[in-house]
Amino acid sequence: MVDKVSKIWLDGHLVDWEAANVHLLTHTLHYGLGAFEGIRCYDTTDGRSAIFRLREHVRRLFDSAKICTMPMPYSQEQIVDACIETVRASGLSSCYLRPLVFLGDGAMGLGAVNPTRVAIAAWKWGAYLGEEGLAKGIRAKISSFTRPGINMQMAKGKVVGHYVNSVLAKREALAGGYQEAILLDAEGHVAEASGENVWVVRDGKVATPAFGGAILGGITRDSVLTLLREMGVEVVERDIARDELYIADEVFMCGTAAEVTPVREVDDRAIGTGTRGPLTKRVQDRYFEVVRGVRPPNPEWLTYL
């Protein structure tokens, strides 16, 4: 359950939690045309709170809205300020932040063009795939659901309706006793997990599906690419076959919610030694250093409150 906070930002104003409601005929509720972001705010080592890569997340939110042909009623800088205001109003020093862009009520039907509305909520959220998963790795399953191709849906938008596919894949994995689903693309290559990008390690080299494929361009994915190169690790973006996961030395996932999470098993096959691998731990450690303010590659990655 999400712990209630006092305020949610809705259409330009902070409103009480109980008052943050919409009409039953809200267009996005029926048809799924909307966009959202997941952003984390962390406690840093100097005692302040900092939102991680806020401006990059807000830019992607606007990109998603553009892909969905939804005109934004605010500027990017206004949404940046609103995110900061929402975190401050929540009273949380460490939290998850959810901006949501949606079409309001008015007309119905697929061609309806209703006003674009914006909401921003903050809540306390720990390790998405569990603390034990961060330390020891999770069990994953190749999903029976396919990640839609690049012209089946707009893969670079973080679009509300796209996540039906991910929800079904996630539920299937959980019902089978796994923590996460890995989806293949329409050609059978590894695409991404239900909410994370996927990485494969073999012989000290790292591979991840290419940005131009059927994956969401993750902000955390971009961060991990930067950190791997900073660490001197060879990394390539390319097609990855399903069975490359089975014979990898290490597999890990990354995303705002999941952060950097090792995968210890795929399709009932142990990955490497069946626990968190050494390179994954190095990436994890460096990532958590960065989000907590220790030597970020780019100081603009952290927006201090």
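Me: Why is Cys-95 called buried?
Reply: Buried means under 20% relative accessible area, exposed over 50%, and partly exposed in between (1.4 Å probe, protein chains only). Cys-95 has a relative accessible area of 2%, so Cys-95 counts as buried. Bear in mind that this is a predicted model, where local features need pLDDT of at least 70, side-chain atom pairs count only at pLDDT 80 or more, and totals for chains, interfaces and linings use all residues. Residues are numbered from 1 along each chain as its sequence is written, and side-chain values use heavy atoms, with hydrogens and water left out.

Me: What makes Cys-254 buried?
Reply: Its relative accessible area is 0%, so Cys-254 is buried. Across the chain, 52% of the 305 residues count as buried.

Me: How do you know that the radius of gyration agrees with a compact globule?
Reply: The radius is taken over C-alpha atoms, and the globule rule is 2.2 Å times the number of residues to the power 0.38. For 305 residues that gives a value near 19 Å, and the chain has 19 Å, so the two agree. The C-alpha atoms fill a box of roughly 55 × 45 × 30 Å along the principal axes.
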